[in-house]
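Dear colleague,

Please read them alongside the model.

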Amino acid sequence: MTSIADLLAHGPTLSFEFSAPRDEEGAGRLDRTLARLAELRPSFMSVTYGAGGSSRGPTYEVVEHIHRDLDVTTMPHLTCVAHTRAEIEAIVERYRALGTQNILALHGDVPLDGPDQPAGDFTRAIDLVAFIRERASFAIGVAAHPEGHPRAESRAADLDHHAEKLRNADFGMTQFLFSAHHYERFVAEMAARGVTTPIVPGVMPPTNVEGIARMSAMNGTEFPADLRTRLESCGDDAAARREVATEVATRLGEELLAAGAPGLHLYTLNFSEPARTIARNLEAALGRGVEARG
Ligand code: FAD
């Protein structure tokens, strides 16, 4: 298993993000998706932890399956919200014992399951980074929000916060975006603050219009009106929507790589398509074959 810091140094990387499943049906679909996408030998696969305030779910078990059975490098997400130091310590130790070499350290969305969630011992992701560093030699990634975090007091405060966090991390992973311009501007703003930590952009194929609109509003991501119109004009034709989403994500991936992105992180929503087709389309831009080896 490999450190993502090393992979990025030899990039560009191609990675896939999955959500921990909520039920048995979801677990079955995720297993099939993981198997299909592992065939492409991605640089690494990541698994969310309680994203969107959902149940924290079986993140460890999915990471273990990817690590042991699929032999793909993993990056578990770990959020510190509503966790005590002792709880985080136990989770970190479990991943260390498994042989994981990477982790994405996040503040996290507040879990919705459970009436009285304690605030927890951590208030910022950067504190989680320092806590993990003392306990494991992981390559530690942090979240980046190129269009600004919705809770930020101001753009300047947000950029300073990101700069401090990225300086203490090995790499950043961005919220999904639809314009390479937002990524380029953010990287330039970090460089102006002396930050050279590699920042990997997140690409979400926009297959589900309502879902994307909701998530974009929540994250402060610009969902371009012309893209929305184009997707809506597909009506109930899921295949047509998937074609538009594939084309848009492929073009964005090419633009981001041309702008110097050290890799691409594809949000799969636990579906193997269109991620598989996008990965194939980007083979030349990534400078790597994504077909099964061996
Ligand atoms: P932090 O860096 O701690 O801060 C969040 C924001 O608060 C900052 O950007 C800033 O605007 C503001 N802020 C905090 N302190 C200061 C300060 N001192 N000065 C100025 N501003 C400050 N959530 C999940 O629950 N599970 C997941 O698996 C998950 N995966 C994610 C993966 C990626 C790639 C990304 C981009 C996000 C993910 N999220 C996930 C969402 C994330 O947890 C939320 O966006 C959360 O609200 C912020 O987390 P953070 O780690 O950026 O927090």
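The structure holds five aromatic pairs, where rings of Phe, Tyr and Trp (its six-membered ring) pair if their centres lie within 6.5 Å, and planes under 30 degrees apart count as stacked, over 60 as edge-to-face and the rest as tilted. One of the pairs is formed by Y60 and Y95, which are tilted, with 5.5 Å from centre to centre and 40° between the planes. Because Y60 lies in helix α3 (residues 59-68) and Y95 in helix α4 (residues 85-98), this pair ties together parts that are 35 residues apart in sequence; helices here are DSSP runs (H or I, at least four residues), as are strands (E, at least two), numbered from the N terminus. Both Y60 and Y95 are buried, a term that means under 20% relative accessible area, with exposed over 50% and partly exposed in between (1.4 Å probe, protein chains only).

F176 and F178 form another aromatic pair, edge-to-face, at 5.7 Å centre to centre and 65° between the planes. F176 counts as buried because its relative accessibility is 2%, and F178 counts as buried at 12%. Ring pairs also link F176 and F178 with F223 and Y267 into a cluster.

As for charges over rings (NZ of Lys or CZ of Arg within 6 Å of the ring centre and within 35 degrees of the ring normal), R29 lies over the face of F271 at 4.2 Å from the ring centre, and R85 lies over the face of F122 at 5.1 Å.

Turning to the ligand, 28 residues surround it, the closest being Y49, H107, D158, H161 and K165, where a residue belongs if one of its heavy atoms lies within 4 Å. Of this shell, 11 residues are nonpolar, 12 polar and five charged, with Ala, Val, Leu, Ile, Met, Phe, Trp, Tyr, Cys and Pro counted as nonpolar, Asp, Glu, Lys and Arg as charged, and the others, Gly among them, as polar. Helix α6 (155-167) is one of the elements that supply at least two shell residues each, and its five residues make up the largest share.

A polar side-chain atom of K165 lies 2.7 Å from an oxygen atom of the ligand. Taken alone, the ligand exposes 980 Å², of which the protein buries 87% (Shrake-Rupley areas, 1.4 Å probe).

This is a predicted model, in which local features need pLDDT of at least 70 and side-chain atom pairs count only at pLDDT 80 or more, while totals for chains, interfaces and linings use all residues. Residues are numbered from 1 along each chain as its sequence is written, and side-chain values use heavy atoms, with hydrogens and water left out.

Best regards

Definitions and conventions:
Polar contact = N/O pair within 3.5 Å; in protein donor to acceptor, adjacent residues only side chain to side chain.
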